Structure formats: C-alpha cells, structure tokens
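Colleague: I would like to go through the labels on this model one by one. Please set each value against its cut-off.

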Amino acid sequence: MEIFYYPIEWFEIVKSHKLKNKVIGFVPTMGALHEGHISLIKKSKLENKITVVSIYINQTQFNNENDLKNYPTNIEYDIELLKQNNVDFLFLPNYGIMYPDNYKFKITENEFSLTLCGATRKGHFDGVLTIVAKLLNIIKPTNAYFGEKDYQQLLLIRNMVKALFIDVNIISCPTVRDKDGLAFSSRNNLLTTKEREIASIFPKTLNSNKSIEDMKTELINSGFTIDYIEEKLDRLFAAVYLGKVRLIDNVKK
C-alpha cells in the first residue's frame, strides 16, 4: 500500500502507474476504522481495479468543539488494517492541504440538509459536502462507496454529485451491525462498558412495531436522550445520545 499526503502526489501516481483509464474505487473515511468501513473496502476491491482510501478527520463538519477533540483516532491501527485488506493507496492529508482557502468556499444544500441531523447540527452538512466534493475532485474515482447508516448523508452526497455534474458513481452499502444489532460506528469506541450494553436497545426499539412516541418513552426510560426520531422517505431515522456519545441509525419501514 502506498501512502500519499498531497493531491499533486496522487496526480503523479496516476501518471506513473498509468491509472488514468483504470477503474478506481474510493472509500473516504475519518479513521477509527471498523467492520462497516471494511465492508465498503471489500466491495470496492471486488468492483474496481484500484482501491483508494482516505483518512481525514474533517473539522468543518463538527458543530461541537468537544466532539472534534474527543473523536477517536488510531492511525497506526488503521494503516495496518488497510494493509491487511489489500488497499492499494491511502490518502492522508491535513487541514492545510484540504482547506488552502481556510474554508472560505463551501457547498451548501438548503433543504434536506436542514432536517434530521442538520436541524441540531448547524453547518454539519456544509462541511460534509464540501470535503466530499474536494476528495472526489482529487481522486476522480469511477465509484465511491458510502454506508447506509448515514443515510441522510448518502442521499445528500448523491444529489450533490448529480447537481454539480461530478463524474462518479455513488455506491450505497448496507449498514453493518454488531452481534447485538448496534450499527458499527467510530463513536461506539467512546461508550463505556455499561453504555455499550445499553446501546443495543436503540436498534431493537427502532425495529419494533411501536409508535414513535412509545419508542421515545422506551429509550428515555433506558437512559437515552432523544435528538429526533422521524419517519421520512419510507425510513425511520433516529439520533440519540447515550452519555456524551451521539448515535444515529435508520431502518426501512
């Protein structure tokens, strides 16, 4: 696996390895890799000649400074995991590389992004869409892979690509869950042992046939704080807090 840090390095790699006409798969991540990420990588490996992964904790999508400060990182572990899964290239930039304009320019969606997660996380999706557009413009992949756990994000990225005529296929991949049903997430690492036990109640409740109000009551009584539980687009979307950790999920209705 080759690691590169600057867009110009990737442009040179494309030339020197003659990758221009090869089918390239891309998996953007913020590190703290888990089984969900690995499922995206495996799908990319199956469907593309070359697989590129990026690791970059995008500070512009954090509306809470403490959330950014506490975001889990283990770059040595992540690199080893990527090597074990035969990733071809890893893009490892920093803020100065990704935001030479210091975030003066940004991409804003002014409808769907203001609902669900966007209702309480001001500017979150501006940061998400801006960094994804930058990464896609650098890597120029044939296919880019995103998990359905962040379903709102997936739809916004898909619509952004269409609106801005970015030449890439956005491939959605099913949510990967732990044995107890909790969706894999980098933030799960921040849960205490006791919180991790309680967390399994979240997906079980969403998959029940209860009303939204009864779901909220059950989760509150179990120790969760509700951000939202809403039905949209034939899905039930939810975000909750368990202690200081924010968990999201969605299920088909």
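**Labels and their cut-offs**

Modeller: Start with the sheet: β2 and β5 pair in the parallel sense over two bridges. This is a predicted model, where local features need pLDDT of at least 70, side-chain atom pairs count only at pLDDT 80 or more, and totals for chains, interfaces and linings use all residues. Residues are numbered from 1 along each chain as its sequence is written, and side-chain values use heavy atoms, with hydrogens and water left out.

Colleague: Which other strand pairs with β5, and over how many bridges?

Modeller: β6, in the parallel sense, over five bridges. C173 in β6 is the bridge partner of G147. β2 (residues 24–29) also pairs with β3, parallel again, over six bridges. There F26 stands opposite V52.

Colleague: Why is β5 called largely enclosed?

Modeller: Because four of the five residues in β5 (residues 143–147) are buried. Buried means under 20% relative accessible area, exposed over 50%, partly exposed in between (1.4 Å probe, protein chains only).

Colleague: How many residues of β3 are buried?

Modeller: Six of six, over residues 50–55. In a regular strand the side chains alternate between the two faces of the sheet. Here I50, V52 and S54 point one way, while T51, V53 and I55 point the other way. All of these are buried.

Colleague: Why is R187 called buried?

Modeller: Its relative accessibility is 16%, so R187 counts as buried. R187 sits in the loop between β6 (169–173) and α9 (193–199).

Colleague: What makes the link between R187 and D67 a polar contact?

Modeller: The side chains are joined at 2.9 Å. The term needs a pair of N or O atoms within 3.5 Å; within protein, one must be able to donate a hydrogen and the other to accept it, and residues adjacent in sequence count only if both atoms are side-chain atoms. Beyond four places in sequence, R187 also touches F62, Y71, R121, V245 and R246. Touching, or contact, means heavy atoms within 4.5 Å.

Colleague: Why is E218 called partly exposed?

Modeller: At 25% relative accessibility, E218 counts as partly exposed. E218 lies in helix α11 (residues 212–221). Neighbours within four places aside, E218 is in contact with I201, T205 and K210.

Colleague: How do you know that I8 is exposed?

Modeller: I8 has 52% relative accessibility, so I8 counts as exposed. I8 lies in helix α1 (residues 7–16).

Colleague: And D234: what is its relative accessible area?

Modeller: D234 has 61%, and therefore is exposed. D234 lies in the loop between β7 (225–232) and β8 (235–242).

Notes:
Two strands pair if DSSP finds at least two bridges between them.
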